[in-house]
Amino acid sequence: MASAICISLLVVVALASAASAQLSATFYDTSCPRAMSIIKSAVTAAVNSEPRMGASLLRLHFHDCFVQGCDASVLLSGNEQDAAPNKDSLRGFGVIDNIKTQIEAVCNQTVSCADILTVAARDSVVALGGPSWSVPLGRRDSTGASAALALSDLPPFTASLQELVDAFAKKGLSVTDMVALSGAHTIGQAQCSTFRGRIYNETNIDSAFATQRQANCPRTSGDMNLAPLDTTTANAFDNAYYTNLLSNKGLLHSDQVLFNNGSTDNTVRNFASNAAAFSSAFATAMVNMGNIAPKTGTNGQIRLSCSKVNS
């Protein structure tokens with residue numbers, strides 16, 4: 001029995017290794033050597049024009065990977081885009097479309113939208129002063145999307161710590177990955193409707209911080225009014241998100257649960273006191289997230305337009 005279990009585990013590990021081995025940082029070196037520079041230039045220009053766009057592109061990648069894997073399903077018009085976690089809040093589609101148009105002009109039907117989105121997320125972090133990492137490439141694009149899976153698999157802003165742990169574990173991501181990826185909230189903004197409940201009803205919140213946020217988020221109106229997720233350095237990718245949590249200044253309920261006398265408190269303290277530790281963990285977690293169920297080989301397709309499947 002024990003040997004059978006060991007063999008089963010070896011098979012699982014081998015399959016996981018085979019899946020990730022199909023992705024390679026050098027995948028386009030020969031077939032489209034200009035792809036990476038085109039993505040970087042476009043992302044840098046977009047973020048320089050509007051710093052919030054960096055957070056939007058990073059979020060787009062996260063919302064893609066958590067729904068049927070990193071396959072650009074979130075870029076297809078309708079479907080996932082219209083699901084509650086995404087509707088009226090996902091942004092950056094135009095930036096990705098612009099990149100795709102430029103790449104198609106030099107390498108026809110070669111670079112997937114899924115890979116463009118993955119690299120754009122990395123380049124967004126770099127453009128805002130965060131760490132860089134080597135992005136494994138070779139994903140292909142899905143031919144479908146699922147609003148139902150967007151509802152079930154994307155952790156909500158009301159999530160408890162255990163719900164977050166479970167949602168990330170479902171995707172093969174560790175608790176450390178979860179806490180590190182939550183640090184993406186060191187950039188970007190949130191709509192009033194996502195933090196109203198916290199600033200008016202919760203007690204584990206700095207009172208001056210709550211009052212400050214209430215000024216632009218009334219009890220009964222202003223659902224789409226924006227507030228920075230990190231009020232300290234809103235447009236810099238750093239570890240201030242975690243120091244904010246130590247002061248009970250997490251904007252979303254799902255932020256502050258990471259530091260609320262729970263099992264992740266020490267990880268938050270570590271990232272708050274050690275920027276290098278956060279940067280390293282974040283880069284590792286981004287690669288791990290990018291490896292969620294990629295379509296490779298003959299699965300999926302290379303879309304000509306990111307918003308629709310090939311006819």
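The points below go through the salt bridges of this predicted model.

1. Let me start with the overall tally. The count comes to nine salt bridges, taking a side-chain nitrogen of Lys or Arg within 4 Å of a carboxyl oxygen of Asp or Glu as the rule. I pick out some of them here.

2. Do look at Arg91 and Glu50, which form a salt bridge whose closest N and O atoms are 2.6 Å apart. Arg91 sits in the loop between α3 (52-65) and α4 (93-106), and Glu50 in the loop between α2 (35-49) and α3, so this pair ties together parts that are 41 residues apart in sequence. Arg91 is partly exposed, at a relative accessible area of 22%; Glu50 is partly exposed too, at 28%.

3. Next come Asp123 and Arg122, whose side chains meet in a salt bridge at 2.7 Å, N to O. Asp123 counts as buried, with 6% relative accessibility, because the cut-off for that label is under 20%. Arg122 also counts as buried, at 13%.

4. Asp153 and Lys171 deserve a look as well: their side chains meet in a salt bridge at 2.8 Å, N to O. Asp153 belongs to helix α6 (residues 147-153), while Lys171 lies in the loop between α7 (161-169) and α8 (175-182), so the pair ties together parts that are 18 residues apart in sequence. Both Asp153 and Lys171 are buried. Through salt bridges that share partners, Asp153, Lys170 and Lys171 are joined into one network.

Methods. Residues numbered from 1 in each chain as written. Predicted model: local features only at pLDDT ≥ 70, side-chain atom pairs only at ≥ 80, totals over all residues. Heavy atoms only, no water. Helix = DSSP H or I, 4+ residues; strand = E, 2+ residues; numbered from the N terminus. Buried < 20%, exposed > 50% of the residue type's maximum accessible area, 1.4 Å probe, protein only.
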